[in-house]
Amino acid sequence: MKQLRIGKSGLHGEIGNGLTPKIIIDYACAFGSLMEQKTIVVAIDNRISSEMILNSVVGALYSTGCDVINLGVCSAPVFSYAIKKLKAFGGLLIGATHHPYNWNAIQPFSEDGQVFNAMRQQELLDIYHSKRYDFVDWDKLGTNIELTTNINENYVNFILKNIDVEKIIVKQFTVVADFCNGAGAKVAKIIAEKLNLNLVSINDSVNGILPHNPEPRPRSAMQIKPLILPLNADIGFVFSSDMSRVSLVSDTAETLSEEYSFALALNYLLKKIATTNQDVVVTNLCTSKMIDHLCNKHNIKLFKTAACPADIADMSESHKAIIAGEGCGSVQFTHLKNYDSFMVMIMMLEAIALDNAPISQHVSKNLPKFHIVKRKFNISLANGYAIIKKFRDHFSNAQKITEGDGIRFDWEDGWIYLRNSLSEGAIRVIVEWKSKEIAKEKALIVYGILKEYYHAN
Amino acid sequence: MQTKNRRLKISISGVRGVIGETLTPQLINDFAMAFGEYVAGGTVIVGRDSRSSGIMVEQAVLSGLRAVGCQVLLAGVIPTPTAQILVNEYNANGAIVISASHNPAEWNALKFIGGNGLFLNQHQAAELLDIYNQLDRNLVSENAYMGLRKITNSFAIHQKRIFNNIDTEAIRARNFTVAVDCCNGVGSFYSRQFLEALNCNVVEIFAERDGIFRRKPEPTAENLQKLSDTVREFKCDVGFAQDPDGDRLALVSNSGEAISEQYTLVMTTEHILAEKPGNVVANIQTTKSLEDVVKSYGCNISYSPVGEINVTEQMLKANAIIGGEGGSGGVIFPAVHPCRDSFTAMALILEMLALTTETFDDIYQSLPHYKYFSKKYQCSAVFAQKIIRMFKDEYSNEKITDIDGLRIDFTDGSWLLLRASNTEPVIRLFVEAKTQKLANSKAKAFDEKIMMILAQN
């Protein structure tokens, strides 16, 4: 079956099988029409097919009269920063990031460096579905605008502004990082120089080869885990190729669930800044209860929305959140309207430096123990939505049922969540429980029921 | 009538359309994919003329070729003949040239070259169109994507081939002064250094490299006023006028007269046959002066339909030593490559001048001359065919050639051609005779009848 998803997360699909040049050009022509002949920033990640998508997008933008600043292979946070810095009108970010091999995607951004919210997506898709684009005459076509500033350097100076750089420098941290052969390595090198880090990086040459599962998770950390103890490293990071997600490895070589990335960032931020009970944190419906725990402890508000970067960004904007994040390892601070794993890295280093305690202690002292199990059930039928709804009958004993973006069942000691992936052909199952055994068992039960329904079709 | 949305022409000459209207990135991309499939993947050369819309078209072409798994060799701005030579040089499976040749600036086009370095012929063009009209494309998945390579020395390869086939020493020894009108086309990138390599003093006009044509792109006598003035001012030995993609050439004599495009082929043929006898092929739109010259050397001439590939194929069959398209200043010299090439034509004209003590004007005046009447009428291709069939019936007792349109050779030595254009929705009437009076009187009957028929519709 052909794989193509168009919606809140942009345009996603399988190369050669759904995500065709024609659809990409239509999408970019719609975007170009919406942007009314203004300057657009584009960038790609390391996947091999991304260059084809870039060609499609740039041709479409030129044809609708948009000038293009091409950042080449570039991470998501630097991309968002560049849109604002270069005073562009919007951006198209091309790349598969954490998606499986042979997938690729395009995300639309507005002039403030934020991924399109629901309203802008709607405007864009109305043009896309109408298939009527504002093509311009030959003498009004867009053209390439050369990038004259060193955007990476500018970006690093920008994110180090509110960081206690001196405190980190004196520590001479050893940091191990896996960049998944993406754009992050280059920028991390600049950060390492400024922060006096001994940065040991792997999978740091930009190429389209996926060295491991592209989602930052404990099992993706297996390549850096054995380096931690011999190098006497203070911390390890597994980054997604676009730097929008990260998972951590502690100084004791424990591979931490990606759920800890947001929790640790939040924990440190709440120490770093003074908060009031009016402050807001935003997360999605399937992020660990560690976040609820921290917000309760510090008496601040927690808002939850769908598991989608656009919804998170939009809710953060409307509530002026002090931080937002998702359990998949994404964290958005106030400096950018996008996820920024460089910032997570720097905040973790500052946390260790100021507290004078290793990262393993931050975990054990500050965060409650939960066990989270995530499963992906590949589904090639359009009736994933219907299957998910059937679970109401199975878990009618839940204390709370939340429907909207998928469905969530809450009990005293844990919760189960099912949703259709917005970007892949899959149902995602997430179970969190106080007990590891129960979490695993519940996940197994859900998986069994899914299998039954799927085969009945 | 020519309406806005009809400005698209898919023919043996390629896919021509107007930017912002019919030649959309979607259409370009789809044709590039179809071509990639047609040549069964592998290496494909991509080149373009200097038109400003070329960068948009190029992106859409690259996306299409890559999506079907072709390896692109990107040559940038190059003359059309250079692309044909590159196909042989790199043993490529084909080439796409982005150029609308002599069409006005709002047009652009894809021209398709097969693995033999020649344009697709009628049958091959039909096969390509058959693939284009299929609903599915054989898009490859990411593991079959090929990296792009840039070729930076394209024209050097072309130039070397020309210099290997002419007496460069004789030309260099004369230290000619020449004017060249590049029409802001590919010539602005290569002509000066090409002529300087032949030790010429070069005066360039319309050599700004922005692809904005500052004169009408057809190198016909009425568009060459500035070149004539330049030749007079700098007392040049000859003036050369190129079209935007560098396949056609017109000449200005040392007296400053812009002579008919027809004489580019007549003069180069005179020069070649004077050295060595051989067969000649020309399209039916060629002046009888050529036939007179060929016969004066006791050689054979045969006529082909209009269109470079038609002439080329007939030349290869007839083992012709030289040939071309008189009416469009297209000289084909197979020793270099069986394609129209303004650079080869310039070299041959210079060689002719170098090997004699006569001036350009002396040689030109000594050739047989005819007067002509020419007119074009806006008319759909279907209606043009009707008109041509009507005249064919009416003049069935004259000597008729109907390989392409209708050519009538009258017994008084005058001849007439009525033919629909391959590139524009027009029908052209061309009459040639020894005197202007005879040409006009022969044309009058046709002109009146065509006007009458068109007025009735």
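Student: What percentage of the 457 residues in chain B is made up of buried residues?

Tutor: The model is a predicted one, and in it buried residues account for 57% of the 457 residues in chain B. A residue is called buried if 20 or more other C-beta atoms lie within 10 Å of its own.

Student: Why is chain B called as compact as a globular protein of that length?

Tutor: Chain B, which has 15 helices and 20 strands, has a radius of gyration of 22 Å; the globule rule gives 23 Å for 457 residues, and the two values are close, so the description applies. The C-alpha atoms of chain B fill a box of roughly 65 × 60 × 40 Å along the principal axes.

Student: What makes strand 3 and strand 5 of chain B a pair?

Tutor: Pairing requires at least two bridges. Strand 3 (residues 42–48) and strand 5 of chain B run parallel and are joined by 5 bridges, so by that criterion they pair. B:Ala95 is the bridge partner of B:Ile45.

Student: In which sense do strand 5 and strand 6 of chain B pair?

Tutor: Strand 6 (residues 107–113) pairs with strand 5 in the antiparallel sense, over 4 bridges. There, B:Ile96 stands opposite B:Phe112.

Methods: Residues numbered from 1 in each chain as written. Chains lettered and ligands numbered in written order. Predicted model: local features only at pLDDT ≥ 70, side-chain atom pairs only at ≥ 80, totals over all residues. Helix = DSSP H or I, 4+ residues; strand = E, 2+ residues; numbered from the N terminus. Rg over C-alpha atoms; globule rule 2.2 N^0.38 Å. Buried ≥ 20, exposed ≤ 12 C-beta atoms within 10 Å, placed from the backbone.
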